[in-house]
Amino acid sequence: MSEAIVTTSTNKPTSPTAGPPLWLLAELTYECPLHCPYCSNPVQMTARENECDTETWLNVLTQGREMGAVQLGFSGGEPLLRKDLEVLVKHASDLGFYTNLITSGIGLTEKRIKALKEAGLDHIQLSFQAANADANDLIGNKRHSFSQKLHIAKLIKQYDYPMVLNFCLTAQNIDAIDEVLELSQALKGDFVELATVQYYGWAHLNRDHLLPSKDQLERAESKVNVWREQHNSAGPKFIFVTPDYYETRPKACMNGWGSTFLTVTPDGSALPCHSAKILPLTFPNVKEKSLQEIWHDDFSFNKFRGLDWLPKPCQDCDEKEKDFGGCRCQAYMLTGDMHNTDPVCDKSPHHHLLADIINDKNPSKQPLFYRDPKTEIPIAVLDSITTTIQPDKINE
């Protein structure tokens with residue numbers, strides 16, 4: 001979606017305008033029965049007593065639809081832990097949203113999946129940790145979760161939902177990609193996202209454990225390509241997502257900052273992407289401001305909109321309208337300054353940081369930290385993943 005620059009009578013550019021937030025992500029809770037160490041949720045999770053209540057969420061959905069949002073994802077954590085999920089789905093369906101439930105499947109009984117169908121839910125995305133019980137339950141840190149997921153996958157098809165399967169690939173399970181392909185076929189998934197982990201939140205904390213080697217990635221992708229050729233487009237459509245660390249050009253994060261995606265977190269914070277809370281910015285809250293005001297007028301949403309803010313070398317790059325300088329969260333986490341070019345880009349003066357991470361033969365591995373609010377994480381470890389930006393950089 002294109003963006004225009006609004007000019008005043010003095011011809012000085014002000015904040016770029018934006019079209020509607022076409023994709024609204026409602027992160028209903030950060031609570032989850034699984035404790036996956038690759039989760040991108042914040043390490044410091046919102047307490048349940050601070051979560052938005054039902055009326056707040058109903059109001060958010062109404063405002064989002066009035067602004068032109070058409071796709072709605074219910075996510076978390078595990079959104080099934082919200083007892084009002086069916087109420088929210090019904091309201092969203094009545095408003096005309098296309099609704100998607102992004103879930104681990106834990107807690108999705110036949111009674112509930114039927115109720116969600118009656119409420120108007122359109123789509124279910126089911127996550128797996130691996131393609132066999134031992135690996136799946138170990139990674140998710142919960143016994144018997146694999147058998148529950150198999151049961152839920154059958155129910156999803158039984159109730160005629162489109163089904164997207166999501167396999168989060170890490171160094172621990174990527175070598176078993178053949179099993180993943182076979183299971184996806186057996187479950188009759190419509191689309192299968194083979195998502196090598198992106199390193200935010202808990203995943204960043206555990207990056208040294210989780211990051212596959214380049215050889216692992218190449219072998220896995222080669223097997224996926226062979227599978228596609230052998231099955232001649234029959235069966236699931238596989239989407240293989242390479243981690244940014246092995247790329248030479250950044251992705252246009254969320255289609256460009258504040259251009260398409262709007263995330264509302266469990267406590268009501270509004271974000272241009274689901275990871276933006278790590279940035280040294282003060283983000284608005286839907287309990288205090290309308291979505292209209294947040295989307296169009298808030299400083300944080302206008303901070304990186306358009307192209308005028310871009311640093312060098314992005315300013316002079318002929319690809320800047322493709323990637324908008326890349327991911328602000330990644331730039332912040334790897335360089336300490338959210339204004340920098342995403343280090344994924346090989347034109348970035350910080351690109352060497354990725355090579356250093358990939359080629360580190362003796363990474364300093366902390367224990368594997370599972371995503372659990374009871375997990376005790378040493379202050380030194382938290383400090384190691386929290387960079388500091390000079391105050392004048394925050395408000396530029």
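Tutor: Let us begin with contacts, where contact means heavy atoms within 4.5 Å. In this chain, residues 24 or more positions apart account for 72% of the contacts with a separation of 6 or more. This is a predicted model, in which local features need pLDDT of at least 70 and side-chain atom pairs count only at pLDDT 80 or more, while totals for chains, interfaces and linings use all residues. Residues are numbered from 1 along each chain as its sequence is written, and side-chain values use heavy atoms, with hydrogens and water left out.

Student: How many helices and strands does the secondary structure of the chain come to?

Tutor: Helices (H or I, at least four residues) and strands (E, at least two) are DSSP runs, numbered from the N terminus. Here the chain has 16 helices and eleven strands.

Student: In what order do the nine strands of the open sheet stand?

Tutor: Strands of a sheet pair through backbone hydrogen bonds, either parallel or antiparallel. Two strands count as paired if DSSP finds at least two bridges between them. In this model the order of the open sheet is S9-S8-S7-S6-S5-S4-S3-S10-S11, and the pairing is mixed. Strand S9 (237–241) and strand S11 (270–271) are at the edges with a single partner strand each, so one side of each lacks a neighbour in the sheet.

Student: In which sense do strands S4 and S5 pair?

Tutor: Strand S4 (residues 71–75) and strand S5 (residues 98–103) are parallel, with four bridges between them. Gln71, for example, is opposite Tyr98 in S5. S5 is also joined to S6 by four bridges, and these two strands run parallel; there, Ile102 has Gln125 in S6 as its bridge partner.

Student: Which helix lies across S4 and S5?

Tutor: Directions are compared through axes, which are lines fitted to C-alpha atoms, for helices over the stretch in contact; the angles run from 0 to 180 degrees between N-to-C directions. Helix H2 (residues 85–95) lies across S4 and S5, at about 175° to S4. Helix H5 (residues 145–158) also packs on the sheet, where it touches strand S6 (123–128) and strand S7 (163–169), and its direction makes about 160° with that of S6.

Student: How many of the residues of S6 are buried?

Tutor: Buried means under 20% relative accessible area, exposed over 50%, and partly exposed in between (1.4 Å probe, protein chains only). By this rule, 53% of the 396 residues of the chain count as buried. In S6, six of the six residues are buried, so the strand is largely enclosed by the rest of the structure. In a regular strand the side chains alternate between the two faces of the sheet. In S6 both faces are covered, with His123, Gln125 and Ser127 buried on one side and Ile124, Leu126 and Phe128 buried on the other.

Student: How many aromatic pairs does a search of the whole structure find?

Tutor: Rings of Phe, Tyr and Trp (its six-membered ring) pair if their centres lie within 6.5 Å; planes under 30 degrees apart count as stacked, over 60 as edge-to-face and the rest as tilted. The search finds eight aromatic pairs. One of them is the edge-to-face pair of Trp257 and Phe304, at 5.1 Å centre to centre and 85° between the planes. Trp257 is in the loop between S9 and strand S10 (261–264), and Phe304 is in the loop between helix H11 (299–302) and helix H12 (320–323), so the pair ties together parts 47 residues apart in sequence. Both Trp257 and Phe304 are buried. Elsewhere, Phe128, Phe146 and Phe167 form one aromatic cluster.

Student: Which charged end sits over the ring of Phe128?

Tutor: A charge sits over a ring if NZ of Lys or CZ of Arg is within 6 Å of the ring centre and within 35 degrees of the ring normal. The charged end of Lys149 meets this rule for Phe128, at 5.7 Å from the ring centre. Likewise, the charged end of Lys117 is over the ring of Tyr161, 4.3 Å from its centre.

Student: Which residues does UniProt list for "binding site"?

Tutor: UniProt positions are given in the numbering used here, feature names are shortened, and annotations may be inferred rather than shown by experiment. The unreviewed UniProt entry lists Cys32, Cys36 and Cys39 under "binding site". Cys36 is placed in the loop between strand S3 (23–27) and helix H1 (54–66), and is buried at a relative accessible area of 8%. Cys39 lies in the loop between S3 and H1, and counts as buried at 16% relative accessibility. Apart from neighbours within four places in sequence, Cys39 is in contact with Tyr200, Gly201, Trp202, Ala203 and Arg371.
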